[in-house]
Amino acid sequence: MAPRRGRVEMRRIEDRTSRQVRFSKRRSGLFKKAFELAVLCDAEVALLVFSPGGKLYEFSSVSRYAALPLLPFPSTTSSITRVPLSEP
């Protein structure tokens, strides 16, 4: 069966594994778009994404945003994943 393309119904994905896979793919796409926006438009972009488990992923096109102090966000966690500034 070929993968579906087109609109995705906006509702919570019940299957835990499918939800994690979708989160991972969507997160990667979002970070790629942030990188492209920074390069193509010479914009300063900073992006924070929290996983459902509370893990923080961040992207910054400018080094001064990479050092932002971490505020108490939705869940306290010590695991931070930094996305490299190179093209995803």
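Predicted model: local features only at pLDDT ≥ 70, side-chain atom pairs only at ≥ 80, totals over all residues.
Residues are numbered from 1 along each chain as its sequence is written, and side-chain values use heavy atoms, with hydrogens and water left out.

**View A. F23 and Y57 form one of 2 aromatic pairs in the structure.** Their ring centres are 6.3 Å apart and their planes meet at 55°, so the pair is tilted (rings of Phe, Tyr and Trp, the last by its six-membered ring, pair if their centres lie within 6.5 Å; planes under 30 degrees apart count as stacked, over 60 as edge-to-face and the rest as tilted). Because F23 sits in helix α1 (residues 16-41) and Y57 in strand β2 (residues 56-60), the contact ties together parts 34 residues apart in sequence (helices, H or I of at least four residues, and strands, E of at least two, are DSSP runs numbered from the N terminus). Y57 is buried too, at 10% relative accessibility.

**View B. F31 and F59 make an edge-to-face pair.** Here the ring centres lie 6.4 Å apart, with the planes at 90°. F31 belongs to helix α1 and F59 to strand β2, so this pair ties together parts 28 residues apart in sequence. F31 is buried at 4% relative accessible area, and F59 is buried at 4%.

**View C. R27 lies over the face of Y57.** The distance to the ring centre is 4.0 Å (a charge sits over a ring if NZ of Lys or CZ of Arg is within 6 Å of the ring centre and within 35 degrees of the ring normal).

**View D. Salt bridges: the count comes to 3.** Each is a side-chain nitrogen of Lys or Arg within 4 Å of a carboxyl oxygen of Asp or Glu. E9 meets R11 at 3.4 Å, N to O; E9 is exposed at 56%, and R11 is exposed at 54%. R12 bridges to E14, with the closest N and O atoms 3.4 Å apart. K33 and E36 meet at 3.9 Å, and both lie in helix α1, 3 residues apart, about one turn of the helix. K33 is exposed at 56%, while E36 is partly exposed at 27%.

Note on methods
Buried < 20%, exposed > 50% of the residue type's maximum accessible area, 1.4 Å probe, protein only.
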